[in-house]
Amino acid sequence: MKEVVMVPEKELKENLIRMHDRRIALLFILPAVVLFLVMAIYPFIYMIYTSFTNLNLSMSGTGQFIGLSNYFEIFHDPLAMGSITFSTMVLLIAVPIEMAIGVLFGLLIRGLKGERIFRLLFLISMMIPGIVFGISAQMIFNYLFGAANYFLSFFGVPEIAWFGHAATAQFVILFLDIIQWTPFIFLITYAGLLSVPQDLIDAARVDGASRWQLFINVELPTLKSFIYIALIIRLIDALKIFGKIYMTTWGGPGMATSSWSFYIYKVGVSYGWDIGYASALAIILLIVSAILVNLLIKVLNLGETLELKREG
Amino acid sequence: MRKYTILMVVSVLVGLFAMMTMASVSLSLITSPDNGPSLQWLAQEFEKQNPDIRINVSIVSWETLYPRLLADLRAKSGVYDIFTWDVMTAGSVHSGCLDLTKFFKEHSNIIPKNYDRNDLLPLAEKLGEWNGDLIGLPYYNNTMLFYYRKDLFNNPKYQKEFYDMFGRPLRVPTTWAEAVDVAKFFTKKYNSNSPTRFGIALMFPTTHTMFYMFPLFFGPYRRSPEGIREFGSVNITYGDYFTSDGKPAFANKYGLMALEDMKALMPYAPDPLGSDYGQTIEYFSQGMTAMCPQWTNPYMQFKSSPALQPYSEKIGIAPMPGRSVAGNWALGISKYIPLEKQIAAAKFILFATSKWATLHVLEKFGIAPIRESILDNPEAQKVIPWVKALPTIYQTETFRPRIPQEPQLESITDVYFSEMLAGKIPMTIESLKKLAQKWEKVLSSK
Amino acid sequence: MNRKTTRIVLKVIRYAAVTLILSVFLFPAYWIIITAFKPMSEWNTWPPHFWPYHPTLVNFAVKGILPFLRNSLVVSSSVAFISAAISLMAAYAISRYKIGGTALAGWFISMRMLPPITIAIPLYVIYVKVHLLNTWLGLILVYLIPAVAFGIWVMISFLNEVPRELDEAAYVDGATRIQTFRYVIFPLSISGVAAVIVLSFVQTWSAFLLATVLTSDSAAQTLPVYLGRFVTGYNIEWGPLAAAGLITMLPPIAIGLIFQRYLIRGLTFGAVKG
């Protein structure tokens, strides 16, 4: 009799607490939600609206509704197409190289004496603001006084006008991106490497596996999810490349090193203040990165990794 | 007791500080790097005479300043009280600039008695106007000069070698075609006896600099008798890029020839497409090139460069082989600041354009004078060698457009010209026509 | 014998490769450091000077850098502390109450990945209207977005490590939820809070694009914007510029290396624990 009464009472109490709790939880999450709504979603909606207008801050009497014209304009704009090309280059050339060197460096230093020092040194360039890299590159790749041409002179290579040719200017920007972001790949994949159970490695060693076999059969399977995470985060971030371009090539020569983000800046801020067209360009960028973010969320398998699913 | 003493002292100090800050007007002046040091110096001098006014000078590269200024004037936010503006941007900045004619009429008491408006060079003053309103006092009557290595051009050894090579005497080029031979002669790669690595330092980067450089080469065609016949005389509002009735004037054989002239010089220049002012100034001051088109005030840097000593024998200055381009700056005041600030700001710009200031910023910083009396001043002519040459250069210089759409036109054009010079877009009249179509579109979207 | 030689050779190759990679990767930073100590005559030389022949400190007497340093400190530390507070609260709600589930969590991730240029343009127009241009508050608000978004992730992964039994025990003892949060959760997650503070600070310190669009002078501009102003510079003073660059890069390097074990969680949304 006593027990029968106890159960509903306890349930009642728990339910009450839970209801109470959820309200508190909502209160707790409110600041974050308000912040995002006001600072990101509201601008986003405003941007969708401006992308259908000819709003231009440097000219009076603009801001009329012009339908989809801005979006059609993108396809007729060789400059926009040029920046798609360079952004794609960053994604398809810089990111894979970053992946390769990042993983390789982890494998190289694993077990070496001084591993911790190497790790520390390698992480430095990840902390340096992109703008500072830009200053450095302007000096290193200067045509007549730069260290890059000095090194090449040892190999009998005549001076290269780094910022004056499309291919070399692109190389400089990609090089800077690689220098800055390879350590990020390393940081994540190295953590993966450390998480490979030692007994698996020992067992493989006992079986006489070569280093390559050890990597392919033991380390890589564990590493895989780490590589995916690093890759996708990097891909999304690579779309944002801006400061290094701003500081060195200003997108030139021509449109050779103008990334999508930089082109939006040029249209929307520098010179033009053509907000309408810049908004349309930005919406395209947002769609691309949203697709990648969705992929990321799948790969991260959020529900599992962070125990987000409700019990029961 | 001690506590109270301390409290008293502190509150008196705070009170004093508050009074000081209340008593003074603090102005924010934003300017580009070429005007920066001289205005900083002038601000200091001005503060000595006007202790109640403080002026904070921020120096920002034009690439950053221009969009900032445009946006702030359009947004009416009044962040910048005083600013230097490129007179070629008159059309786009005028809406936010105080009309000085009206302002000086209403506040004539702030104009110093010895301030001589009639001494201002007429063209410089006219460039500070838009639609008949005076929206800025001329500050820097900048124009592009042709710097060359006097010692090399005067050297009999090189004169003889040049004669042997080209069958005519070595002299400072007066046309771009002539400049090509001279540049080749002074480039090591093509002449192993050359004393310099490169013939000429050129800046054709994908920035606003490109928009300045083209008129140096296009000007001679645009202003030739055929050019005038075909496109009409040059209208100061539209500049050399346009016909007299406001149509793009470069999408033809003349525009193409100008680009070809630019391209012909490129092999003799260190990284022309990747260099901007900073790099070319450095190349010439290190003695790496024999020639260099540059603004007036890099002269001060050349003069102090160890590689160019004695400077009076090494640095030569001549008019541009083609035509120069105007790079004038004016000092404007924001419409959107309180009257009290406007008055203080007006006092400063009157001070900065006075006879005294004009002479001193010329001698100290190489700021080309805006006053006739300074151009004629023998002392100034002695200190700065190019002063004498200026009047003739001003008569033949070219202009960029001053219409409101200038920013967009500039932005598109920099990229097109760079791609054409780099060979990514074919160098043809067709390509120029495509660019002109883009211009028409910008012009009609008003 | 033979195998031993191979092993030694392999090791030498590995050291050589590591040294090579490190020297390439550290070279740009090295160049900033040495230029900061070079006198004017050594900025542009051929051959380039690979160390300052006549080291000097004059470059560090950069006039006018102080307001920018102040702005950077104010904005970065405000973002660091505010974002830690907001994200601890939000993470608590998500970790303990599964508020919003995967959808909300995904939304927060997308906030972290948002390309800054896409909000820069509309925010500029909005800031003009609400007078937030060129203010600390304007910058702090906008940099809170990425900081809070990833802060939430770091905090969730830390909070998940705090055994749930602890807070259950607390409220069975009669503590309210707020009390539990204050006396149980907060002390136990303090290292997570530290991580968020540090990471937000570093991230905000280095950010450039939004600051360059939303500020206009020394009243609010941060150090990276100060550096960026010299683009297409007319007369580039490499020494002072490098000195300013050095000042800009030192704090994030120092802080990042000291707290590197938190770095990885922040960067991978808590999915990878370093």
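## The contact between chains A and C

In this predicted model, chain A and chain C each contribute 85 residues to the contact between them, two residues being in contact if their C-beta atoms, placed from the backbone, lie within 7 Å. On the side of chain A that touches chain C, helix α1 (residues 2-50) of chain A gives the most, with 17 residues; helices (H or I, at least four residues) and strands (E, at least two) are DSSP runs, numbered from the N terminus. The residues on that side of chain A divide into 68 nonpolar, 12 polar and 5 charged, where Ala, Val, Leu, Ile, Met, Phe, Trp, Tyr, Cys and Pro count as nonpolar, Asp, Glu, Lys and Arg as charged, and the others, Gly among them, as polar.

Residues are numbered from 1 along each chain as its sequence is written, while chains are lettered from A and ligands numbered from 1 in the order in which they are written. Since this is a predicted model, local features need pLDDT of at least 70 and side-chain atom pairs count only at pLDDT 80 or more, whereas totals for chains, interfaces and linings use all residues.

## The contact between chains B and A

Here 28 residues of chain B are in contact with 27 residues of chain A. On the side of chain B that touches chain A, α3 (62-75) and α21 (406-422) of chain B each supply at least two residues, and the largest share, 8 residues, comes from α21(B). By class, this side of chain B has 13 nonpolar, 9 polar and 6 charged residues.

## Covered helices of chain A

Helix α5 (residues 130-140) of chain A is mostly covered, with 11 of its 11 residues buried; a residue is buried if 20 or more other C-beta atoms lie within 10 Å of its own, exposed if 12 or fewer, and partly exposed in between, with C-beta atoms placed from the backbone. Among the buried residues of α5(A) are Ile131(A), Phe133(A), Gln138(A) and Met139(A). The cover over α5(A) includes α6 (147-154), α7 (166-194) and α10 of chain A, together with α1 (2-36), α10 (223-228) and α11 (238-258) of chain C.

Helix α11 (residues 260-268) of chain A is likewise mostly covered, and 9 of its 9 residues are buried, including Trp260(A), Tyr263(A), Lys266(A) and Gly268(A). The buried residues of α11(A) pack against α3 (78-109), α10 (243-247) and α12 (275-300) of chain A, and also against α21 of chain B and α4 (116-130) of chain C.

## Two helix pairs

Helix α3 (residues 101-113) and helix α5 (residues 136-159) of chain C pack at an angle of about 135 degrees, with their axes 8 Å apart; axes are lines fitted to C-alpha atoms, for helices over the stretch in contact, and angles run from 0 to 180 degrees between N-to-C directions. That angle makes α3(C) oblique to α5(C), given that angles under 35 degrees count as roughly parallel, over 145 as roughly antiparallel, 65 to 115 as roughly perpendicular and the rest as oblique. The contact is made by Phe108(C), Ile109(C), Met111(C) and Arg112(C) of α3(C) with residues of α5(C) that include Ile145(C), Pro146(C) and Phe150(C), and its residues divide into 8 nonpolar, no polar and 1 charged.

In chain A, helix α8 (residues 198-206) and helix α9 (residues 211-238) pack at an angle of about 145 degrees, with their axes 10 Å apart. Leu200(A), Ile201(A) and Ala204(A) in α8(A) meet Leu214(A), Asn217(A) and Val218(A) in α9(A), and by class this contact has 5 nonpolar, 1 polar and no charged residues.

## Overall form of chains B and C

Chain B has 22 helices and 11 strands, and its C-alpha trace spans about 95 × 55 × 45 Å along its principal axes. Its radius of gyration of 24 Å agrees with the value near 22 Å that a compact globule of 446 residues would have; the radius of gyration is taken over C-alpha atoms, and the globule rule is 2.2 Å times the number of residues to the power 0.38. Buried residues make up 55% of the 446 residues in chain B, and among its contacts between residues at least 6 apart in sequence, 72% join residues at least 24 apart.

The secondary structure of chain C comes to 12 helices and 0 strands. The radius of gyration of chain C is 23 Å, well over the 19 Å that the globule rule gives for 274 residues, so chain C is more spread out than a compact globule. The C-alpha trace of chain C spans about 75 × 75 × 30 Å along its principal axes, and buried residues make up 55% of its 274 residues.
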